[in-house]
Amino acid sequence: MDSRVEDDQETENKGSMWVLDQKLDQPMDEEAGRLRNMYREKKFSVLLLLRFAFQSLGVVFGDLGTSPLYVFNNTFPGKVEDPEDVIGALSLIIYSLTLIPLLKYVVVVCKANDNGQGGTFALYSLLCRHAKVKIIPNQHRTDEELTTYSRSTFREQSYAAKTKRWLEGHTSRKTALLLLVLLGTCMVVGDGILTPAISVLSAVGGIKVKGPSMNPDIVILVAAIILVGLFSMQHYGTDRVGWLFAPIVLLWFLLIGGIGMYNIWKYDSSVLKAFSPVYIYRYFKKNGKNKWTSLGGIMLSITGTEALFADLAHFPVLAVQIAFIAVVFPCLLLAYSGQAAYLMQNHEHVVDAFYYSIPGTIYWPVLLVATAAAIVASQATISATFSIIKQALAHGCFPRVKVVHTSKNFLGQIYVPDINWILMILCIAVTAGFKNQNQIANAYGTAVVVVMLVTTFLMTLIMILVWRCHWLIVVIFTGLSLLVEGTYFSAVLFKVDQGGWVPLVIAAAFLLIMYVWHYGTVKRYEFEMHSKVSMAWILGLGPSLGLVRVPGIGLVYTELASGVPHIFSHFITNLPAIHSVVVFVCVKYLPVYTVPEEERFLVKRIGPKNFHMFRCVARYGYRDLHKKDDDFEKKLFDSLFIFVRLEAMMEGCSDSDEYSVYGQQTEQSREGLLNNDCNTTSPNLTISSVDSIVPSKSPVHMNSSTVGSSGQVSYQTEVDELEFLNSCRDAGVVHILGNTVVRARRDSRFYKKIAVDYIYAFLRKICRENSVIFNVPHESLLNVGQIFFV
């Protein structure tokens with residue numbers, strides 16, 4: 001009985017807004033459940049899954065499928081000295097394909113996708129939702145109520161909770177995790193440069209087999225022309241030519257599998273004994289050091305596996321698994337076994353072993369299909385590079401570059417012009433500079449094995465924090481992965497001076513750019529946080545803010561999701577007037593793959609009603625694109641009008657950090673609240689609890705006349721404010737953007753001055769302006785500059 005009285009007293013103290021909040025929230029459970037189910041992985045029919053599996057061949061497996069072009073060539077540079085070595089190398093290839101692509105990636109890592117999104121940043125986003133490891137603390141607790149924001153809870157004494165506390169315990173650990181993710185990202189960019197180079201060069205290299213006297217420079221020239229054409233076609237996107245990719249790659253897999261079976265039957269079926277791991281031991285037993293360094297060539301058999309995970313966004317995981325197990329894996333095993341059977345009797349043909357092993361009658365058709373498959377493989381890696389750059393951009397780890405959607409059907413298919421041309425220049429430079437396929441292969445192997453090691457470390461954390469696996473399973477997975485990948489990594493270290501330095505240099509350059517940009521972004525955010533204006537100062541200015549309020553709406557863009565930014569005080573102390581309505585706009589990216597359109601905007605009021613100040617937070621996921629159109633401004637004002645109507649129902653205003661309206665609005669509810677009929681209400685809106693500046697009376701103590709009169713007053717207030725907002729909007733909208741310049745202090749160390757005053761300043765100068773991203777008309781733009789020192 002006592003507890004019930006206490007609950008009633010607590011309810012009375014919280015006021016009418018809390019009661020209304022509870023009433024409006026009750027019907028939301030069923031609707032929210034439906035919304036959440038929309039964003040879970042859908043169940044597909046068998047026929048649709050098979051169709052997706054077929055299509056995934058062209059997008060996901062092209063890179064992995066072209067590896068037979070160059071593996072034996074780079075494993076045995078020169079010629080095969082002992083036929084037993086071929087069996088040992090084949091055994092290593094078989095078990096590498098089984099352990100890494102099949103068991104690690106297809107069975108385990110693919111299940112760690114973030115609602116279908118793959119890649120290192122997708123894993124990082126999962127970790128950011130389960131532990132506070134994001135360095136920019138711009139998240140609000142309402143963000144966790146998104147339908148796409150899924151995370152697990154931990155028991156206080158669990159191993160996952162202890163790991164979470166350890167990660168969150170020190171900034172250096174968060175920074176180390178971010179650097180690990182950035183390293184993996186940079187190596188994927190290196191993949192985007194090296195895959196087209198080695199794939200196209202290896203495919204075109206087949207011309208020399210039929211024309212041994214041909215000048216090698218002709219092969220380089222043909223490869224360069226194909227590469228220029230490949231990168232020049234990127235702006236069309238894969239959607240327009242994607243229907244060709246799957247048949248080409250399927251034909252390629254069937255050809256290499258069929259040729260492999262033919263060679264096993266014709267030359268030496270005894271190579272099938274390589275399925276016994278005993279031959280791996282025998283391989284290393286003889287002349288161990290040379291065999292150890294040859295692992296750099298064998299590792300090329302699993303290249304493309306990291307692109308498999310990065311390109312996961314387009315298809316259901318089950319479809320990718322079906323395609324790999326049913327087509328890719330058996331065809332690759334047959335292809336490598338067939339080449340090994342051919343080499344058992346033709347030791348001297350180890351260079352270009354793939355082309356020598358092709359039956360003469362189908363040589364030229366296979367060469368054409370190989371070239372087409374190499375182009376498709378390159379396309380898959382380039383697309384993966386674009387996707388991961390977009391994810392890095394959303395996490396504040398890459399300078400603002402232009403991102404273009406190339407497909408209306410697939411949100412994940414994008415084109416990044418600046419990155420495209422950088423990749424093309426570096427790719428042609430690598431192709432023409434080395435001229436030697438072996439050196440490019442060494443570089444390629446280094447990039448791939450580093451990405452795999454990064455994925456292993458991130459997967460270990462995912463298994464602990466997200467999946468909450470038993471520690472024994474985590475140890476087995478991590479131990480086996482590190483055993484295989486660490487072995488390959490030690491082998492590629494021997495080849496750093498033979499081309500392996502290329503991805504390290506590329507990664508170092510991109511890592512410097514990404515980390516300096518992220519450092520500058522964090523420092524700018526910290527400056528905004530520490531110098532934001534107090535609410536008491538705003539209230540002290542009065543409704544006019546100490547200035548002349550001119551007709552119109554001022555949209556003040558800020559990185560702060562709470563509080564009044566310093567740029568505003570800087571603005572009003574230097575100009576004699578301010579607009580009648582001020583809206584602080586914050587566009588922020590969350591560690592989710594997408595934010596549903598109906599949940600995108602958060603709106604709240606700042607100060608009393610007669611101040612006419614609001615905040616609007618627009619939230620995006622790392623896959624979403626802030627489109628360059630006029631819809632953003634329209635949707636912002638729609639959300640503002642909805643807020644005013646809801647607030648009139650709730651008879652209150654807020655200066656708290658809580659948002660008074662947020663998403664989960666259906667189209668019907670939005671239309672209802674935007675309708676002129678102010679009596680329209682909808683149970684499909686979620687109202688959060690707020691603190692009122694003017695205390696509200698509890699509805700328990702209101703009689704019917706009080707309710708009726710307050711309803712009329714709130715109705716009139718709502719109509720007056722909506723008319724006022726519409727008239728201000730008609731008078732004109734001005735976009736006020738801050739132009740914060742970051743400088744290093746005079747007493748800073750020299751490397752900090754170089755990073756901040758030169759590298760970061762240069763990147764800020766060449767990257768896209770916010771006004772371009774938000775599509776702000778030049779005549780409506782007002783830049784406010786300020787300098788701060790770090």
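These legends describe close-up views of a predicted model. Local features need pLDDT of at least 70, side-chain atom pairs count only at pLDDT 80 or more, and totals for chains, interfaces and linings use all residues. Residues are numbered from 1 along each chain as its sequence is written, and side-chain values use heavy atoms, leaving out hydrogens and water.

**View 1. Helix α9 packs with helix α22.** α9 spans residues 159-168 and α22 spans residues 437-465. Helices are DSSP runs of H or I, at least four residues, and strands are runs of E, at least two, numbered from the N terminus. The axes lie 8 Å apart at an angle of about 130°. Axes are lines fitted to C-alpha atoms, for helices over the stretch in contact; angles run from 0 to 180 degrees between N-to-C directions.

**View 2. Residues in the contact of α9 with α22.** α9 contributes Tyr-159, Ala-160, Thr-163, Lys-164 and Leu-167. α22 contributes Leu-461, Ile-464 and Leu-465. Contact means heavy atoms within 4.5 Å.

**View 3. An open sheet of 6 strands.** The order is β5-β6-β4-β3-β7-β8, with mixed pairing. Two strands pair if DSSP finds at least two bridges between them. β5 (601-605) and β8 (781-789) are the edge strands, each pairing on one side only. Neighbouring strands are turned by 25° against each other on average, direction ignored.

**View 4. β5 beside β6.** These strands pair in the antiparallel sense over 5 bridges. β6 covers residues 613-620. Arg-605 stands opposite Phe-614 in β6.
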